[in-house]
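This report looks at the packing of a protein model and at the surroundings of its ligand.

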Amino acid sequence: MRKKIVAGNWKMNMTPSQAVELCETLKPLVAGSEADVVFCVPAIDIVPVVEAVKGTNIEVGGENLYFEDKGAYTGEISADMLLDAGCKYVIIGHSERRDYFKETDAIVNKKVKKAIEKGLTPIMCCGESLEQREQGITLDWIRMQIKIGLQGVDAADVAKMVIAYEPIWAIGTGVTATTEQAQEVCGAIRECIAEIYCRETADAVRIQYGGSVNAGNAAELFSQPDIDGGLVGGASLKADFGVIANA
Ligand code: PEP
């Protein structure tokens, strides 16, 4: 039985003091959740957020990492830095990073491997554009992202990681994938993992849906057989996240 996981992606929002305030608002609202609850926050917010959620059911994650251990990579953040600051999770390959910062599947793969090597749980994102969906190549595209993203990753490590299916056309648009669309792709991701690895690995990996999840649609999405929770952007910055975490 897979435990659900609901993660907030704060993106480039919340100064450190605003971040602490938001934690104070959300802590009681997510306290009763039966899911794993994760706040993925901007790098500068990690230390104050870890401090603010100490002793609660909330874990903290980064929004990105660099695949080298350390050195002359101005502006980047390493897996060791995230770990030492108190992170357990890290988002890798979000579509905004793929689009604005030109992250390829090969780079995503290096980052996933680095996160696992260091003991962070990657939340590896994948998702198709509207054009790809209209061309009817969604499942081919997603399968390619999964296969390259997981190249060289052991089955035992895949079983412990999280994959987030986030159709690009649904992110931040208010247009949520239908429950059927979300389940179809999440199911296809699980089948792809069964093909590459084995049934046991596919049954263990947790697959989230992300893309305009809100307090009104979360429960139905999360009740699908292959959807193990959500990666939540906009709604993670307000009290609605409490409803979503309890969905
Ligand atoms: C996201 O950025 O991961 C996301 C799902 O955003 P939103 O919930 O705002 O669509």
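## Basis of the model

This is a predicted model, in which local features need pLDDT of at least 70 and side-chain atom pairs count only at pLDDT 80 or more, whereas totals for chains, interfaces and linings use all residues. Residues are numbered from 1 along each chain as its sequence is written, and side-chain values use heavy atoms, with hydrogens and water left out.

## Nonpolar cores

A nonpolar core is here a set of buried Ala, Val, Leu, Ile, Met, Phe, Trp, Tyr and Cys residues joined through side-chain atoms within 4.5 Å, where buried means under 20% relative accessible area, exposed over 50% and partly exposed in between, with a 1.4 Å probe and protein chains only. The largest such core holds 64 residues, and those touching the most other members are Phe39, Val49, Ile146, Ile163, Ile189, Ile193 and Tyr209. With 7 residues, helix H9 (residues 179-196) gives the most to this core; helices (H or I, at least four residues) and strands (E, at least two) are DSSP runs numbered from the N terminus.

Beyond its neighbours within four places in sequence, Ile189 is in contact (heavy atoms within 4.5 Å) with Cys126, Ile142, Ile146, Ile163, Tyr165 and Ile207. A second, separate core has 11 residues, including Ile5, Cys40, Ala164 and Leu231.

## Ligand site

The ligand is surrounded by 14 residues, of which the closest are Lys11, Glu166, Gly172, Ser212 and Gly233; a residue is counted if one of its heavy atoms lies within 4 Å. This shell divides into 4 nonpolar, 8 polar and 2 charged residues, under a scheme that counts Ala, Val, Leu, Ile, Met, Phe, Trp, Tyr, Cys and Pro as nonpolar, Asp, Glu, Lys and Arg as charged, and the others, Gly among them, as polar.

An oxygen atom of the ligand lies 2.8 Å from a side-chain N or O atom of His94, and a ligand oxygen is 2.7 Å from a side-chain N or O atom of Glu166. A polar backbone atom of Gly172 is 2.7 Å from an oxygen atom of the ligand. Taken alone, the ligand exposes 290 Å², and the protein buries 96% of that, by the Shrake-Rupley method with a 1.4 Å probe.

Gly230 belongs to strand S8 (residues 229-232) and is buried, at a relative accessible area of 0%. Apart from residues up to four places away in sequence, Gly230 touches Ile5, Val6, Ala7, Gln208, Tyr209 and Phe222.

Thr138, in helix H7 (residues 138-149), counts as buried at 7% relative accessibility.

Technical notes: A polar contact is a pair of N or O atoms within 3.5 Å; within protein, one must be able to donate a hydrogen and the other to accept it, and residues adjacent in sequence count only if both atoms are side-chain atoms.
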